[in-house]
Amino acid sequence: MFETRLKILLVFLLFAAGIIVARLFDMQVLHAETYRQQAEEALVLPAKVLPAVRGRILDRTGSELVSDEPSWEVRVHYDVLSMNTSGVRNWCRKSPAWSAGLNEASDDEREAWFRSETEAMWHALGAFGIMSEGELRAEAEDICERVTKIHAQVSKRRGFDSPVREERMSHAVIDGLNDQQQIAARSLASNWPWVVVEDATHRVYHAGPAFGHLLGRLGPVSSTVIDEDPYADNPLRSYMGNEQLGVSGIEKVAEDLLRGTRGRYRENRDGVVLEDVAAKPGDDVRLTIRRDLQDELYKLFGEHIAKLPFSTGGAVVVLDVKTRDCLALVSYPGYDPSTYRERYDDLRSDTRHQPLRFRAVANRYVPGSIVKPLVCLAGLITGEINLDTHFDCQGALFPEHSDRWRCWPNQSGARMHHGSLDVTGGIKHSCNIFMYHTAQLVGVERLTNYFEMAGLGEPTGTGLIEESPGINPTPLYLEEYSDGAVTAGRARLYGIGQGEVSVTPIQAANLMAVYASGEKRYVNLVEEMRHEADWPLPGTPPMWAAIRRGLYGVVNDNDGTAHRTAYIDPSCGYALCGKTGSAEVSRSWNVSYRIPYVDDQDHEHVAIIRATSRNEAHEVFVHKYPGCAFAPGDVKVAEQWPDRLPEHRRKHSHAWFAGYLAPVDGAGNLRSDRTPPIAFALLVEFGGSGGRVAAPIGREVARKLIEVLGPDLDADAPPYDPQKASDGVARADGERTP
Amino acid sequence: MKRRFFILTQPGVAIMAAVMVLLLIGIASILASKSVQIGPGISASSEEFAVKQGVIACAGVVMSLIVMRIGYLRIAQHSYLIFAGCLVLLLPMVLAKTFHITFGGLVPESRGAYRWIQLPGFQLQPSELMKVGYILALAWYLRFRANYRRFSGLLLPFLVSLVPMVLILRQPDLGTVLLFFPILFGMLFVAGAQPKHLLAIIALGVASAPLLWLKMHDYQKSRVVAVALQSESLRKRIAADPEKYAFTGFDKRDVMEWEVSSGMQLVNSKAALGSGGMFGQGWGKGTYVEQHFLPDRHNDFVFAIVGHEWGFFGCMVVLACFAVIIVAGMEIAVETSEPLGRLMALGVVCLIAAQTLINLGMTVGLMPITGMTLPFVSYGGSSLLTNFLAISLLISVSQYRPFMLAKKPFEWQRLEAEGQVG
């Protein structure tokens, strides 16, 4: 029996051994190739990421505005930035070379040593002189918060908690090191294996404050970006948490073009190179902007605004009428992009001038009289008025109520009136009464329809995230945001460009281009991203001619509203046509409120909101920053400006001047065979009357345009040289007036 | 007379020869791993380890000769004393684990476990010695008895077995504990315990498995889970619908990160083995095993190196060596008529066979990973010496053939037929 049982045992063992042999046979003979591949893959070293150079941004003439220049950055491993338990343990166990003395040390001793070493590292990096120790630690905290957020979001998407690649990477804490600094940094970094100095690039700005808003900024990749990354499937193009991307201005608009494709280098542990894909630099982006024009107009604006007692800033936009290329997009005050980071706190706390606002596209203002030609056009096209229609202006719409629905000369005690006017006269004199009649005949619905056809209430197509669509108060809009009443009174208000309707300076310039050409088009800002579509507005040539004659008359007829202040000698071949506007400022423009709040990442911020009242500030805040918490008690008036109103005026107003340069013949008459080449609009915040304040600047702008773009107002003229320009203009004049 | 194999005519020599082959393969494999990780982030040259293994092997041979000279019978007379001594040696580890003290470095901690006593020059692993002490004590206890043929008689052997098992489990060292069962069952089975009793106990064990599962550490659970998760289709199914498979206890993370977490060692060991192919990459040619993918590749996972460098062929040679040891060991048990020798020989066979099967099973991915060495091949002083001790006792049995008038022991069927036992 003993032997029998031994045999049973032996059979059992043989059976078990048989299973193992079968398994070995399966693995080593049948599936050897699979496992061989697996082993080979495991031998591949982690891929090295080769960063791509970001594309340059050039102006229309090819002059460099921003470029990526090689620099170096100091990167610190995420474990050290976050000092999480597992990370600390990891480093305590790593790298025998530098912890040679600690081979026998206990975990506690290792950890104490590691912590003192990281402290020493922060201290040394702080002493390096580019950023203080405190700033570096704050930076580290920011990075950690971002990565934590990415971690949370990725975990949510995957459905379980798991580490993300950002947690295994080094993150830049100091960037933009030059050659000398990087050598010093390298010797510093050699003390600690978790600090590395790596090749990088940084943005170098070749343009001044006129370009601050326009060029925009780079910012760190956030969890939202990663979540919505359209290139998530492309390992060379997907966004990584330690990268930067364009967050505003052109950097954001042309992000896809500017951003290159990373390279990748992989080799295995035997030194065989498996993959060596060079980084593909981003494309250069060429703007439609003329740098010389932009700089000159910024300078001009600075000079004029400095002279105005209340003005807080302004904007001027110049468009090529035919192509709608934006030749200048100036927002004043601006900021120098190269010193933005250092001056950020100052820039942000200037609540009066708000230099960070991109006024030319982001602020919307009541348009005032500059929509009047459009109102007339709507009346003509709808047939409610015709070219022979005359309305009698007696200073007020209802003579028995002379203090309501007044015309503009009938104010401040001066009881003046225009008498009987046709369309051209109505525009030339900017007669409110004419517009009241026309607008109430057309009605809100049709009027706003024509506003829409001219591009009001929608972005102009620049793609800038800063851009506001303005407000076109269609019945639908009124239904949603107002009491919804579509009344004749509203139509009258819109007829003179008041009420809910509001436009951005770039929309105003585009509106002028519509007047000049009869076509709506989107504005082009980047050569590589052009819009080609156009939408001709209806209207017969005589109707357009009447409108344009009105705009011509505003400046060029002796009784035009801007003749005194904006007239330029047509001997240069062009007549300035345009419209002034005074946009009454509701009280909301005077007061800004400071609201300290905490966002969902527990960052503390301060929002500056302009509002008529504390309650409205709350409402605006809740609309603008949904989900952020604030204590109503902390809301304080940040700034009230202008604090005191001049006695003779009830309200402050922003001053508009918008116009175009129309070709004229030798006698100074409009030429109907040529479309005006250039349109522009300018706005002066708290400037006062459009006719008195904005029109003279408009004249200056027109002169500058001729000076910079040459006598043909050619957008592609050779760059302007102030030295030669004075001769050039003189010669051009000389040819025309012998 | 029938012609008999060398293994059967000269079992002792055959075993020694097989052990030598295994030792050489082991040392060659340790050398092939180029460098050895001896601590967190600290590695040493494998040559040092190969030399150390060689020295210990020599010491083992000398020790074996001494043991054979003394003879197993004289040693076995002190079986209970040896067993008690081993139990005492286990106590420091239990105290260290319970009170988190190292007795001034005498009982060092490693990955949360206390398994060694640090002596000048070498580390003593009492749980290894316990294996031999246990075989001796069990054989000594069972040699003249018959009561284990009844269910109640099985109680005492099981209870006594529990004592060292609990102490070792406390270290914790689940792998070594699990080794006691095959020895116990193997010895009881061939000694003639009723199969139905043994099956009943196994059934009881299986029934209490869920209880054991609850008491297991997370890392132990994940090792068990990892075996099931080798199936890619299962992983995909679970990842697609973790809710539906919630009863398995695997969550989506187990599945998605299997290859870099719980399944890492399995994946690496299988890749090393499988990529060896039929005849292997050649000695010292496999970059894969030189890298630190496989922790413990010089001891627990040494078979992966064998498979990588010498392929299927090399694996078969190793298996053949073990087959020689086991068959020869059984032959020794059959040949002797001395009851203690019979049981002891069988115990040693069970010990070697169980260690081999568990180690190979985990290396090829059929069993959960436990800290089990491959006898004579894996690096490790205590384990090597223990195995030499066990083998020398086995050979000693073959050398000592007492002339006995009594009938061969454990032939219960015949005895029952003759009505000598009730």
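A residue counts as buried if 20 or more other C-beta atoms lie within 10 Å of its own, as exposed if 12 or fewer do, and as partly exposed in between, with C-beta atoms placed from the backbone. Keep that in mind for the notes below.

1. **What you are looking at.** This is a predicted model, in which local features need pLDDT of at least 70, side-chain atom pairs count only at pLDDT 80 or more, and totals for chains, interfaces and linings use all residues. Residues are numbered from 1 along each chain as its sequence is written, while chains are lettered from A and ligands numbered from 1 in the order in which they are written.

2. For the complex, the predictor gives an ipTM of 0.89 and a pTM of 0.70. Chain B averages a pLDDT of 82, and 86% of its residues score at least 70; pLDDT is the predictor's confidence in each residue, from 0 to 100.

3. Chain A has 25 helices and 23 strands, and chain B has 19 helices and four strands. (Helices, H or I with at least four residues, and strands, E with at least two, are DSSP runs numbered from the N terminus.) Of the 738 residues of chain A, 43% count as buried; for the 422 residues of chain B, the figure is 47%. Now take the contacts between residues at least 6 apart in sequence: 73% of those in chain A join residues at least 24 apart, and in chain B 71% do. Two residues are in contact if their C-beta atoms, placed from the backbone, lie within 7 Å.

4. Is Gly212(A) buried or exposed? Gly212(A) is buried, because 26 other C-beta atoms lie within 10 Å. This glycine sits in helix α8 (residues 212-215) of chain A. Leaving aside neighbours within four places in sequence, Gly212(A) is in contact with Gly334(A), Tyr335(A), Asp336(A), Pro337(A) and Tyr340(A). Take Asp336(A): it is 124 residues from Gly212(A) along the chain, yet their C-alpha atoms are separated by 5.5 Å.

5. **Follow β3 of chain A.** Strand β3 (residues 64-77) pairs with β2 (residues 57-58) in the antiparallel sense over two bridges, and two strands pair if DSSP finds at least two bridges between them. Leu58(A) faces Glu64(A) there. Five residues lie between the strands of this hairpin, and among them Gly62(A) takes a positive phi near 95 degrees. β3(A) also runs antiparallel to β5 (residues 195-205), joined by eleven bridges, with Val66(A) partnered by Tyr205(A). With β4 (residues 170-177), β3(A) makes five antiparallel bridges, and Trp72(A) stands opposite Leu177(A).

6. **Two open sheets in chain A.** One has three strands in the order β1-β8-β9, paired antiparallel. Its edges are β1 (48-50) and β9 (273-277), each with a single partner strand, so one side of each has no neighbour in the sheet. The other sheet has five strands, β12-β11-β23-β22-β17, again with antiparallel pairing. Here β12 (326-332) and β17 (574-584) stand at the edges with a single partner strand each, so one side of each is left without a neighbour in the sheet. β17(A) pairs with β22 (residues 653-663) over eleven bridges, and Tyr574(A) stands opposite Pro663(A).

7. **Where the chains meet.** How many residues of chain B are in contact with chain A? There are 46, and they touch 40 residues of chain A. On this side of chain B, α16(B) gives the most, with nine residues. The chain B side divides into 25 nonpolar, 13 polar and eight charged residues. (Ala, Val, Leu, Ile, Met, Phe, Trp, Tyr, Cys and Pro count as nonpolar, Asp, Glu, Lys and Arg as charged, and the others, Gly among them, as polar.)

8. Helix α17 (339-363) is among the elements giving two or more residues to the side of chain B that touches chain A. Of its 25 residues, 24 are buried, so α17(B) is largely enclosed by the rest of the structure. At 1.5 Å a residue, the 25 residues of α17(B) should span 36 Å, and the end C-alpha atoms are 36 Å apart, which agrees; the expected span is 1.5 Å times one less than the number of residues. After α17(B) comes Gly365(B), whose phi is positive, near 85 degrees.
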